[in-house]
Amino acid sequence: MARRDAVIVGGGIAGASLAWRFVRRGRKVTIIERSERPEGASLRSLGMLWRIGQADPATQALAAESARHWKEASEQIGFWRRECGSLHLAYEDLELTVLEEFHSTCDPVLGRKVISPSEAASICPVIRKDGLKGALYSPTETAVDPRSAVQQVLSGLAQMGVEVRFNSRVSQILAGKVVLSDGSEVEGSQTIVCAGPELYDLLPDHYKRAELEECRLQMLRLRPKPGTQSLGIHLCAGLTLGHYKNFAQCPSLPKLNELHKEKWSGQVQAGVHVLVSEHEDGCLTVGDSHAYGRSGPIYREDAIDELILDALDEFLPRDLYGIEQRWMGRYLTHPSRPYVCERLDEGLWNVSLFGTGMTLSFGVTSQLASQLDESL
């Protein structure tokens, strides 16, 4: 086979979005995916493009750029995508105060606003009205279906000339080539590793040097019972305010965190905050818990699912839904960085996207593709 411009190890959203940017620049690309289909963090995610959760101007700009490329890819390839917005619901006065403090720092151009309980209920009638103090509405969030979007992107890439090698395990990564477990080699001017937690097996020295760590979590898929209204929007509530660093600047957040430790002690201990995403078929993905470290939990625990569902029930009646599936997910994270995109050697790069990988993927990889374009 002729030498490729780029060899991408990993067929999740990081690898797929990078290939999409390369092939649109006329580059010859091979994606190497170890399984017969993508089955890692990208497919086990909420499918949220969560622009509102980004903490600093640089990642906010990346999230906006990524959203634009998601739109382009959806229109070109034809997968489902919905610009749905989001509601942060407040059931405590302190939660509403934090939302108001956060809103005071928002760019007015983004259209975010604090709204009344009745306004929130008019946007999403299925939410609980009792005890609702208000909400932060944001129009900037988007939904995709993680179970189909990544696979459809890969299928579209194959039609655009990208070679996608499924069921191909990498045994060695060398300068200018990737060696597969069957002894075959794929040569490329640039090799970009987008392997998620499997990076530990492929490039353990870099994994340790980059101070990466693993997060394991539990999630659920809920199917609405007959007659249940559609959400039409992403939902979350008070516990989320303590999770995303974009709220760290709010003066009232420390006091709110103390309140949550009392009110939601089990959830706080298990790292639970609840996000809800609705997909094309009306089902909801709900998550999640957070346990950090490579020696994290192996088995899914019913008690953790109950903590998630109890927190959900505060703002969305759980008895309106039946549990269709439960699963555990894994992704990489870092104590302070929102993602890692680093040159490891001549012609060798690593891209590690974390809990906001769907949100930042097309932005991060678009910038990397532009950076590498001159060397290809």
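**Notebook: cysteines, cores, sheets and rings**

I began with C250, which is buried at a relative accessible area of 3%. The model I am reading is a predicted one.

**Cysteines**

I searched the whole structure for disulfides and found zero. C250 is in none, and the nearest cysteine sulfur to it, that of C106, is 8.8 Å away. A disulfide is a covalent bond between the sulfur atoms of two cysteines. For a pair to count, the sulfur atoms must lie within 2.5 Å.

I then looked up C283. Its sulfur is 16 Å from the closest cysteine sulfur, in C84, and that is too far for a bond. C283 is buried, with 0% relative accessibility.

**Nonpolar cores**

Which residues touch the most other members of the largest nonpolar core? I noted I8, F22, W70, L157 and I192, in a core of 40 residues. Several elements supply at least two residues each, among them strand 1 (4–9), helix 2 (57–77), helix 5 (146–159) and helix 11 (357–373). Helix 1 gives the largest share, eight residues. I also wrote down another core, which lies apart from this one and has 34 residues, including L220, L235, V276 and I304. In soluble globular proteins, nonpolar side chains tend to be buried together.

I went back to W70 and listed what it touches, leaving out residues up to four places away in sequence. The list is I13, L49, F79, R81, V144, A149, M358, S361 and F362.

I traced an open sheet of three strands in the order 3-8-4, with antiparallel pairing. Strand 3 (48–49) and strand 4 (81–83) are at the edges with a single partner strand each, so one side of each has no neighbour in the sheet. Between strand 4 and strand 8 (residues 142–144) I found three bridges, in the antiparallel sense. E83 is opposite T142 of strand 8. Helix 2 lies across strand 3, strand 4 and strand 8, and runs at about 135 degrees to strand 4.

**Strand 5**

How many of the five residues of strand 5 are buried? I found that five of the five are, over residues 86–90. Both faces are covered: S86, H88 and A90 are buried on one side, L87 and L89 on the other.

I checked two partners of strand 5. With strand 7 (residues 134–138) it runs antiparallel, joined by five bridges. A90 has G134 as its bridge partner in strand 7. With strand 14 (residues 234–236) strand 5 pairs in the parallel sense, over three bridges. Here S86 has H234 of strand 14 as its bridge partner.

**Aromatic rings**

I found six aromatic pairs in the structure. One of them is formed by Y200 and Y207, whose rings are 5.0 Å apart centre to centre, with 85 degrees between the planes. This pair is edge-to-face, because planes over 60 degrees apart count as such.

Are Y200 and Y207 buried or partly exposed? Y200 is partly exposed, with a relative accessible area of 26%. Y207 is buried, at 4% relative accessibility. The cut-off for buried is under 20%.

Last, I followed ring pairs that link W20, W70, F79 and F362 into a cluster. W70 is the residue whose contacts I listed above, and F79 and F362 are among those contacts.

Key:
Residues are numbered from 1 along each chain as its sequence is written. This is a predicted model: local features need pLDDT of at least 70, side-chain atom pairs count only at pLDDT 80 or more; totals for chains, interfaces and linings use all residues. Side-chain values use heavy atoms; hydrogens and water are left out. Buried means under 20% relative accessible area, exposed over 50%, partly exposed in between (1.4 Å probe, protein chains only). A nonpolar core is a set of buried Ala, Val, Leu, Ile, Met, Phe, Trp, Tyr and Cys residues joined through side-chain atoms within 4.5 Å. Helices (H or I, at least four residues) and strands (E, at least two) are DSSP runs, numbered from the N terminus. Contact means heavy atoms within 4.5 Å. Two strands pair if DSSP finds at least two bridges between them. Axes are lines fitted to C-alpha atoms, for helices over the stretch in contact, and angles run from 0 to 180 degrees between N-to-C directions. Rings of Phe, Tyr and Trp (its six-membered ring) pair if their centres lie within 6.5 Å; planes under 30 degrees apart count as stacked, over 60 as edge-to-face and the rest as tilted.
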